[in-house]
Amino acid sequence: MAVDQIILDALAPKGVLRAGINMANFLLVSGACPDGSPDGLSPDLARRIVAELGVACELICYDGPGQLADAVANDIWDIGNIAVEPARAETIDFSVPYAQIEANFLVRTDAPFDNNASVDSSGVSIAVYGRSAYDLWLSENLASAEIVRCDSIDASHEMFRQGKTDVLASLKPKLREEISRTSGMRIIDPPFTGIQQAVGVRKGHPAVVDHLNALIVHLIEDGFIARSMASHNVEHSLSIPANSG
């Protein structure tokens, strides 16, 4: 795709595009390259965007999505691969999503919860990875249940495993892993939300967002996103959102 000089000046004024990568998402960052840099769908997309621009690439790694989002005003990254959420949209403009991950509740087999609505009850506690996209969704949509935030996704699973909360909210692929090694648990379907992954930029650059949208739609249509998912063995855990292209 041809790249306008306005896009280059906005995204990589010094000839280097700095891409913020959320290292906490094990489905999007699923390994490491021989040089030690992160590997997975999210880094693949960042490198492809850089290749289209014809500039150098620098991956800026963050331990979690909250830290990545916080850095938007500090001129540390030029694009940030992060989930779309209304709270983040106050400071970040998002492209169309390129991947979606289901988020569900996990409960004990004998728990009195039949559906998502029944979880949102007074006296019910829910372990969640703090400042994840699904934590932000729960914060905006739950009225009665208590949200217990943990420092990592693994910590949230451990809290539930130890019986310290009634419910665990997490990514469905991670919950499937939990069930495979721990008996007496069940997933509530359907998902309470779908986490849409996109490319974020600082607000105020609509031409950049338009360019990224066109590029992502192209990469979906030509199979790049699907091939990347398959190469990292996450094609059964991620899906391409129907509203992207």
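Visitor: How many cavities of 30 Å³ or more does the structure hold?
Guide: It holds 3. The model is predicted, so local features need pLDDT of at least 70, side-chain atom pairs count only at pLDDT 80 or more, and totals for chains, interfaces and linings use all residues. Residues are numbered from 1 along each chain as its sequence is written, and side-chain values use heavy atoms, with hydrogens and water left out.

Visitor: Which residues lie nearest the centre of the largest cavity?
Guide: N22, N25, P65, S132 and Y134, out of 16 lining residues. A lining residue has an atom within 4 Å of a point. β5 (79-83), α5 (133-141) and β11 (185-202) each give two or more residues to this lining. Helices (H or I, at least four residues) and strands (E, at least two) are DSSP runs, numbered from the N terminus.

Visitor: What is the class make-up of that lining?
Guide: 11 nonpolar, 4 polar and 1 charged. Ala, Val, Leu, Ile, Met, Phe, Trp, Tyr, Cys and Pro count as nonpolar, Asp, Glu, Lys and Arg as charged, and the others, Gly among them, as polar.

Visitor: What lines the second largest cavity?
Guide: A10, L11, D78, V201, R202, H205 and V208. This cavity has about 50 Å³ of space. α1 (5-11) and β11 each supply at least two of its lining residues.

Visitor: Why is α2 called oblique to α9?
Guide: The axes of α2 (residues 41-53) and α9 (residues 224-231) cross at roughly 140° and come within 9 Å. That angle makes the pair oblique. Under 35 degrees is roughly parallel, over 145 roughly antiparallel, 65 to 115 roughly perpendicular, and the rest oblique. Axes are lines fitted to C-alpha atoms, for helices over the stretch in contact, with angles from 0 to 180 degrees between N-to-C directions.

Visitor: Which residues make that contact?
Guide: L41, D44, L45 and R48 of α2, with F224, I225, S228, M229 and S231 of α9. Contact means heavy atoms within 4.5 Å.

Visitor: Why are α2 and α8 called roughly perpendicular?
Guide: The axes of α2 and α8 (residues 206-221) cross at roughly 115° and come within 12 Å. The pair is therefore roughly perpendicular. In the contact, L45, R48, I49, E52 and L53 of α2 meet H211, L212, L215, H218 and L219 of α8. By class, that is 6 nonpolar, 2 polar and 2 charged residues.

Visitor: What makes α6 oblique to α7?
Guide: The axes of α6 (residues 153-161) and α7 (residues 172-181) cross at roughly 40° and come within 12 Å. That angle makes α6 oblique to α7. Their contact has 2 nonpolar, 1 polar and 5 charged residues.

Visitor: How do you know that the peptide bond from D189 to P190 is cis?
Guide: Its omega is near 0°. P190 is in strand β11.

Visitor: What is the phi of D75?
Guide: Near 55°, a positive value in a residue other than glycine. D75 lies in the loop between α3 (65-70) and β5. Most residues other than glycine have a negative phi, and most peptide bonds are trans.

Notes
On a 1 Å grid over the protein atoms alone, a cavity is a set of points where a 1.4 Å probe fits but cannot get out, and a pocket is an open set with protein on both sides within 12 Å along at least five of seven lines; lining residues have an atom within 4 Å of a point. Grid points are joined across faces, edges and corners, and a volume is the space filled by probe spheres set on the points.
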